[in-house]
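Work through the exercises below with the sequence and the model side by side. Try each task before reading its solution.

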Amino acid sequence: MSRRRPFLLRGRFWVGMLPWTWLLLFFLLPFVLIVNVSLSTPDLAIPPYIAPLHQAEDGSGVELVPDLSSFQRLGDEIAALGEDGAEPLYLRAYGNSLLLATLTTVCCLLIGYPFAYHIARARESIRNVLLMMVMLPFWTSFLLRVYAWMGLLDSSEVGLINQLLIGLGIIDTPLPLLYNTGAVLTGMIYSYLPFMVLPLYANLVKLDQRLLEAASDLGARPLTTFLSVTLPLSRNGIIAGAMMVFIPAVGEFVIPDLLGGGDVQMIGRNIWDDFGPNQDWPMAATVAVVMVLLLIAPIIVFNRSSRSEAGEQP
Amino acid sequence: MVAQQQDSGAAYLRIEGVSKRFGDNRVVRDVSLTIARKEIFALLGSSGCGKSTLLRMLAGLETPSAGRIVLDGEDLATVQPHHRPTNMMFQSYALFPHLTVEDNVAFGLRQERPKLARDAIAARVGKMLDLVQMQRYARRKPHELSGGQQQRVALARSLAKEPKLLLLDEPLAALDKKIRQETQLELVHLIERVGVTCIMVTHDQEEAMTMADRIGVMSDGVLLQVGTPGEIYEHPNCRFTAEFIGETNMFHGRLGPQGVACADFPAPIAVSPLADHADGSEVSVSVRPERVLLSREAPGALEGGLNSAAGEVVDIAYLGSYSVYHVRLSGGRTVTASVPSARWGDAAPPTWGDAVWVSWKAPAGVVLSR
């Protein structure tokens, strides 16, 4: 046996360090900075806030004064719930975001599962072609695809869908398709579908065909086989797909901004407004921190339930 | 004896002229077979010979391209797999990984229509797990079990619905050799206790001979020979069967009045009886190694019907109770003889390089024309 090399010279150490360094630099560090801003006081300056740790005004040195007023505002909104005339701006945005993200996830699952199932069951020779077709939209810019939806959904006579419906004589006046929640949902489902299909496909393609034959042999009808064998065994794929869709969907900014008009307040837009026009960086940072905390809960739940299944599939 | 069994009214399962083709590939060719109630039948062949496809057609997982399958008077052609009175134990078991042992066994019972009562299912599952001695593991998941335990659960699952026909696809191939041998007879006893008619598929001739009442040898989609293990071994009807089942010395030559004239044996090989083979036809003679006698001296004067040749020991495999000797004849041909260790008494057995004689009596050679 050769002597073990010091750990700093071992390749394995550096390969292991890479993801940790990445997380530290691009997640933990920015997150700490944002938390710092969220505890700051708004100020007319560049940057427009006074950090909690700052030079004392009387010059007596450095003082630590975390400003909790942004969190307080969120707290007040919760406290004022149910009162007359309450305008829970941020809570409504959170609610809208979670609701839309949930709807997007559910719809992507309902549409994506048959997609993934079909591809996984297709002949091996055409599987890759079908997968390529799922990924094809990624070849054009995301922004361009959202703009294309604006052209499709446009609420005036110029909108392609409205043109078609009027041309077919189904309607007389154009339908208000754009700038509402439906348009946002359509755009989000369209954009996130591949993120549901790919992990589901990766899971379903591994499903042992003989398990389905065994179920059939034991007297299960095709639907029963699907519900009692295929579906439970694809749970980890469903969880992975749901996470890939739900988490980015909650923070989605571009789609509600372009397709939702002023109607659809989502949390991403609130953050944008506070960082931009309102110049209230502490508030924007607070909203972002709370969003991350809100997302950690479902991630933990998802992780738990997929870990409990670990080791089941050979 | 076989014919008698087939002609009696006990034909529980009748496979009539069944073929299966995938595109141009004829995987099963015109197989006809009858199987009696409570019989354990083994389809034996190397991989790709069509035996698994035949089994899958019985289970309804494949549809025959031609022919009929009649089980207990019912033509199975149009019966969907989930309605068939057959159950299969799959190769490497196909246990549902997300269900516990008892839920795996209960799976088939839960599909029964009209629905079975909950406690009726529980009682049946308990009985099945008792049968295979797996009660203690009822709440385990399959991945927490050893290979042998998984095999028993799979058996319990396929017996739970009391099928008319139990199908076993390579039942023991997933097990280690030692456990496999222990399990063979255990499995036979279980099947006999339940009294179910059983067809198994295996590539392992030892497994087939240990477990089955009768064996069907398949090659290239064709059912070559059907018989008891003894019949198949002692009276193979073709070269493939003779070589596939056990070891043999195969000689090729032309049949003449003195016997079979072979290029690699000094004298024509005497065989008996010389029925149903025309003089002058190309035939093979199969001689099992245990029928070949080995001696240091020339065997007694060449009495009628004794074949003998001198040679030299080139290899010995000592296997305890017997040894396999490889003897090279003067012409270069090697003959194997398996010799009981007790054969030599107190004398030293022949060793590498010794000059010896091999011989066998005429009836030991089986004449094969295909």
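Two strands count as paired if DSSP finds at least two bridges between them. Strands (E, at least two residues) and helices (H or I, at least four) are DSSP runs, numbered from the N terminus. This is a predicted model: local features need pLDDT of at least 70, side-chain atom pairs count only at pLDDT 80 or more, and totals for chains, interfaces and linings use all residues. Residues are numbered from 1 along each chain as its sequence is written, and chains are lettered from A and ligands numbered from 1 in the order in which they are written.

**Exercise 1.** Find the bridge partner of L255(B) in β12(B).

Solution. Start with β11 of chain B, residues 249-255. Three bridges join β11 to β12(B), and the two run antiparallel. In β12(B), L255(B) is partnered by V260(B).

**Exercise 2.** Give the strand order of the open sheet in chain B, then its edge strands.

Solution. The four strands run β12-β11-β13-β19, with antiparallel pairing. The edges are β12 (260-262) and β19 (365-368) of chain B, each pairing on one side only. From one strand to the next, the twist averages 45 degrees (axes are lines fitted to C-alpha atoms; angles run from 0 to 180 degrees between N-to-C directions).

**Exercise 3.** Describe the side of chain A that touches chain B.

Solution. Count residues in contact, meaning C-beta atoms, placed from the backbone, within 7 Å. Chain A supplies 19 residues and chain B 18. On the chain A side, α8 (209-217) and α9 (222-233) are the elements giving two or more residues. α8(A) gives the most, with six residues.

Note on methods: Two residues are in contact if their C-beta atoms, placed from the backbone, lie within 7 Å.
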